[in-house]
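Below is a brief report on two residues and their surroundings. The structure comes first, then the details.

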Amino acid sequence: MKKADCMYCTKNEKLQRLMIPIAEYEGTNIYYFKDQKHRGRCIVAAGGHYDELYQMEEEKRNKFMNVVARLALVIQEEFDADKINYAIYGDLVPHFHVHLVPKKEGELQWGGPFTDDIDKVSLAEEEYEQDIEKIKSRL
């Protein structure tokens, strides 16, 4: 995929349909996933176009992973998660990004990988705003 075709680089309609920008932070872009079947699910995308983690310069890679760790802690505390799943694929969207998916013991998809093949959960606009503000205030 070329940078010109990448939804994270162009911030196109597809990206806007799937997620809400939270912040540009430490050279990354943080998004709130609109499908909130796992309340608090976010994505951290590299600030530049990289297909693979190893393509990032060491300093940028370290900052990226620090943001992932920081955001995971915020999500765990704000959404009372028992576990954060970290998903890195890149087959369909090769821009390097990490899904942070909070899970609670005994609830949806506990004990296995999360999947998107079940009904989407949309929030009221105020709920998205409140969740995003919780996250932003902790970054």
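In this predicted model, the side chains of His97 and His99 are joined by a polar contact of 3.4 Å. The side chain of His97 also reaches back to His95, where the backbone oxygen lies at 2.6 Å. His97 sits in strand β5, which covers residues 97-103.

Is His97 buried or exposed? Its relative accessibility is 8%, so His97 counts as buried, the cut-off being under 20%. Beyond its neighbours within four places in sequence, His97 is in contact with Tyr8, Phe64, Ala87 and Ile88, and with the run Ile43, Val44 and Ala45.

Tyr50 has a loop setting, between β3 (42-46) and α3 (58-79). Tyr50 counts as buried because its relative accessibility is 12%. Its side chain makes a polar contact of 3.1 Å with the side chain of Glu57.

Which residues is Tyr50 in contact with, leaving aside neighbours within four places in sequence? They are Gln55, Met56, Glu57 and Lys60, together with Pro94, His95 and Phe96. Pro94 is 44 residues from Tyr50 in sequence, yet their C-alpha atoms are 7.7 Å apart.

| From | To | Distance |
|---|---|---|
| His97 side chain | His95 backbone oxygen | 2.6 Å |
| Tyr50 side chain | Glu57 side chain | 3.1 Å |
| His97 side chain | His99 side chain | 3.4 Å |

Note on methods: Residues are numbered from 1 along each chain as its sequence is written. This is a predicted model: local features need pLDDT of at least 70, side-chain atom pairs count only at pLDDT 80 or more; totals for chains, interfaces and linings use all residues. Side-chain values use heavy atoms; hydrogens and water are left out. Helices (H or I, at least four residues) and strands (E, at least two) are DSSP runs, numbered from the N terminus. Buried means under 20% relative accessible area, exposed over 50%, partly exposed in between (1.4 Å probe, protein chains only). A polar contact is a pair of N or O atoms within 3.5 Å; within protein, one must be able to donate a hydrogen and the other to accept it, and residues adjacent in sequence count only if both atoms are side-chain atoms. Contact means heavy atoms within 4.5 Å.
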